[in-house]
Amino acid sequence: MWSNFFVQQDEEGHIGIAGTGQAGGLGAMKGGRGQRRTHKMSDSLEGKIKLAFFLSIIGVTLSVLGMGTEFWAELAQPKNSSGNQTCQMAHYGLWKGCIRTLWVADVDPERTSCGPAELPGESNCTYFKFFTSGENAVIFKKTTHNTLNLAAAILALLSLTMMAMGSICIAMALNKGVAFFLKPASFCFILSGVLVLLSVLVFHQSVLALLSSDHSVPVHHQLSWSVACVGSAGGILMLGGFLFILLSLPFNPWQKCLPHKNSAT
């Protein structure tokens, strides 16, 4: 029995007993497991990640709300152009457009054009055909440019994809308890915010191209609340991405930037 053990002396002079049989092997395995154990994130860091993720979710919600509605741009004819008691206006987004017929009596007397779209009236909405057959849409004798509209829609879809990937990375970081996934999540959210803002810029160029296609019909145009939602979402997503970058750093940036006060003085 005593042959299964031996006395071992380390460099500091301490004497220990190690087993050469099955007991020694189990001890080595336990020691290896202890060395491979990774340090998980603290509770304070996890709380900060959840707050930043909540901010990013607000941006994602505003993006989905703005992209799913058709109030990106409003085109309104002069309210007395038809010469009767009704006037027409149009509002459209990335996927479809609507023509609304409003009563002139409901329009503000100080307003020269028909609208706004929130007034009661009849609405006729159709989806754009440049996603299926490539045909341009005609709104008040003005023709859309399908390339610009398609580019704005593709940028919006790519931004939604990056939002989903960033959310998956944050969910894995919180589930596994490691901060490794914060950097790819920050990249995804920053890129999604940039793509959202690019989508708004390209859509605005498509509106200007629509107006310049025919100058015979005077039309008043303005960007509506859907663009405001999407633009705000782009800024919020980029802010959330920068916060994830700060949280992924191995040191506290505030302690590096702000000078330390000597307690003795």
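## The first pair

Cys87 and Cys114 are both buried, where buried means under 20% relative accessible area, exposed over 50%, and partly exposed in between (1.4 Å probe, protein chains only). Their sulfur atoms sit 2.2 Å apart and form a disulfide, that is, a pair of cysteine sulfur atoms within 2.5 Å. The link of Cys87 and Cys114 is right-handed, with 65° about the S-S bond. Cys87 belongs to strand S4 (residues 86-92) and Cys114 to the loop between strand S5 (96-103) and strand S6 (121-127), so the bond ties together parts 27 residues apart in sequence. Strands (E, at least two residues) are DSSP runs, numbered from the N terminus.

## About the model

This is a predicted model, in which local features need pLDDT of at least 70 and side-chain atom pairs count only at pLDDT 80 or more, while totals for chains, interfaces and linings use all residues. Residues are numbered from 1 along each chain as its sequence is written, and side-chain values use heavy atoms, leaving out hydrogens and water.

## The second pair

Cys98 and Cys125 also form a disulfide, with 1.9 Å between their sulfur atoms. This pair joins distant parts of the chain, Cys98 in strand S5 and Cys125 in strand S6, 27 residues apart. Cys98 is buried at a relative accessible area of 1%, whereas Cys125 is partly exposed at 35%.

Cys169 counts as buried, at 13% relative accessibility.

Notes: Helix = DSSP H or I, 4+ residues; strand = E, 2+ residues; numbered from the N terminus.
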